[in-house]
Amino acid sequence: MSAYWPWWAGAIGLALVTVGYTRATGRFLGLSGVWDRVLHWREERELEQLDAQFADDRELEDALAAATAEEFGATAVPAERHDLRAPAPGGSAQEPGGAAVHGPVPLVMQTALLISIFVGGLVAAVVAGRFQVRLDMGDAFARLVTDNPISMVVVLFVGGVMVGFGTRLAGGCSSGHGLSGCGRLRPVSLVATAVFFGTAALVSFLLWKVI
């Protein structure tokens with residue numbers, strides 16, 4: 001059986017994926033957000049179609065002005081309107097906080113990202129000679145948690161719900177905070193990553209050394 005890839009190869013691969021995704025989409029990588037959009041693909045398609053109707057900034061500004069006038073009266077619309085997405089003095093269009101404004105990533109591209117993760121994992125397992133179809137989580141899971149199939153499903157389901165809740169609470173997952181956020185030295189990402197990796201290390205220690 002083949003050995004695991006060296007740590008530096010995995011680090012280079014993750015870096016290439018993170019930088020490549022940002023360069024291709026203008027957005028920072030975050031898989032929890034990608035999953036959310038794909039799961040709500042109907043709403044996302046409607047938003048994409050609506051955004052396509054106002055690809056021109058002037059058309060969007062006119063539509064917003066018309067809606068404002070209809071709701072609040074013509075006096076609510078300034079005589080001289082300014083494009084909110086116009087380039088800032090620094091060059092590119094910016095949000096109030098200073099971040100660059102980009103359009104939403106196409107849904108098909110995000111779907112392709114999720115499929116690529118699955119295919120990449122499958123190829124890596126096959127090449128390493130570790131691929132096998134199993135209905136359990138392995139001997140370690142059975143020994144430390146449970147070997148009952150029904151209990152296993154319940155534990156995994158509850159764990160998945162807790163991970164989803166924690167991701168929402170933290171405003172991102174390990175890819176969003178750990179890869180993109182820490183790579184940009186964002187304080188909130190450094191704290192979030194330290195918390196969830198520290199918790200994982202503590203739980204692993206309790207399971208293997210204490211329990």
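**A walk through the fold**

A: Let me start with contacts, meaning heavy atoms within 4.5 Å: among contacts in the protein between residues at least 6 apart in sequence, 52% join residues at least 24 apart. This is a predicted model, in which local features need pLDDT of at least 70 and side-chain atom pairs count only at pLDDT 80 or more, while totals for chains, interfaces and linings use all residues. Residues are numbered from 1 along each chain as its sequence is written, and side-chain values use heavy atoms, with hydrogens and water left out.

Q: OK, and how many helices and strands are there in the protein?

A: The protein has 9 helices and 0 strands, where helices (H or I, at least four residues) and strands (E, at least two) are DSSP runs, numbered from the N terminus.

Q: How much of the protein counts as buried?

A: Of its 211 residues, 18% count as buried; buried means under 20% relative accessible area, exposed means over 50%, and partly exposed is in between, with a 1.4 Å probe and protein chains only.

Q: Which residues of α8 are buried, then?

A: They are Ser-175, Gly-176, His-177, Ser-180, Gly-181 and Cys-182, and what covers them includes α1 (7-25), α2, α7 and α9.

Q: Let's take His-177: what does it touch?

A: His-177 lies in helix α8, which spans residues 174-183, and it counts as buried because its relative accessibility is 4%. Not counting residues up to four places away in sequence, His-177 touches Ala-170, Gly-171, Gly-172, Cys-182, Val-188, Ser-189, Ala-192, Thr-193 and Phe-196.

Q: And where does Ser-174 lie?

A: Ser-174 is also a residue of helix α8, but this one is partly exposed, with a relative accessible area of 42%. Leaving aside neighbours within four places in sequence, Ser-174 is in contact with Leu-179 and Phe-196. Ser-174 and Thr-193 are 19 residues apart in sequence and 6.8 Å apart in space, C-alpha to C-alpha.

Q: What follows α8?

A: Leu-185 follows α8, and its place is in the loop between α8 and α9. Phi of Leu-185 is near 60 degrees, a positive value in a residue other than glycine, and Leu-185 counts as exposed because its relative accessibility is 64%.

Q: Changing topic, at what angle do α2 and α5 pack?

A: Helix α2 (residues 31-39) and helix α5 (residues 107-127) pack at an angle of about 120 degrees, with their axes 10 Å apart. Here axes are lines fitted to C-alpha atoms, for helices over the stretch in contact, and angles run from 0 to 180 degrees between N-to-C directions.

Q: Which residues make the contact?

A: On the α2 side they are Leu-31, Val-34, Trp-35, Arg-37 and Val-38, and on the α5 side Leu-107, Gln-110, Thr-111, Leu-113, Leu-114 and Ile-117. By class, the contact has 8 nonpolar, 2 polar and 1 charged residues, where Ala, Val, Leu, Ile, Met, Phe, Trp, Tyr, Cys and Pro count as nonpolar, Asp, Glu, Lys and Arg as charged, and the others, Gly among them, as polar.

Q: One last topic: what lines the second largest pocket?

A: The second largest pocket is lined by 13 residues, of which Met-162, Val-163, Gly-166, Thr-167 and Phe-196 lie nearest its centre. On a 1 Å grid over the protein atoms alone, where a 1.4 Å probe is used, a pocket is an open set of points with protein on both sides within 12 Å along at least five of seven lines, and lining residues have an atom within 4 Å of a point.

Q: Which element gives the most to that lining?

A: That is α7, with 6 residues, and by class the lining has 7 nonpolar, 6 polar and no charged residues.
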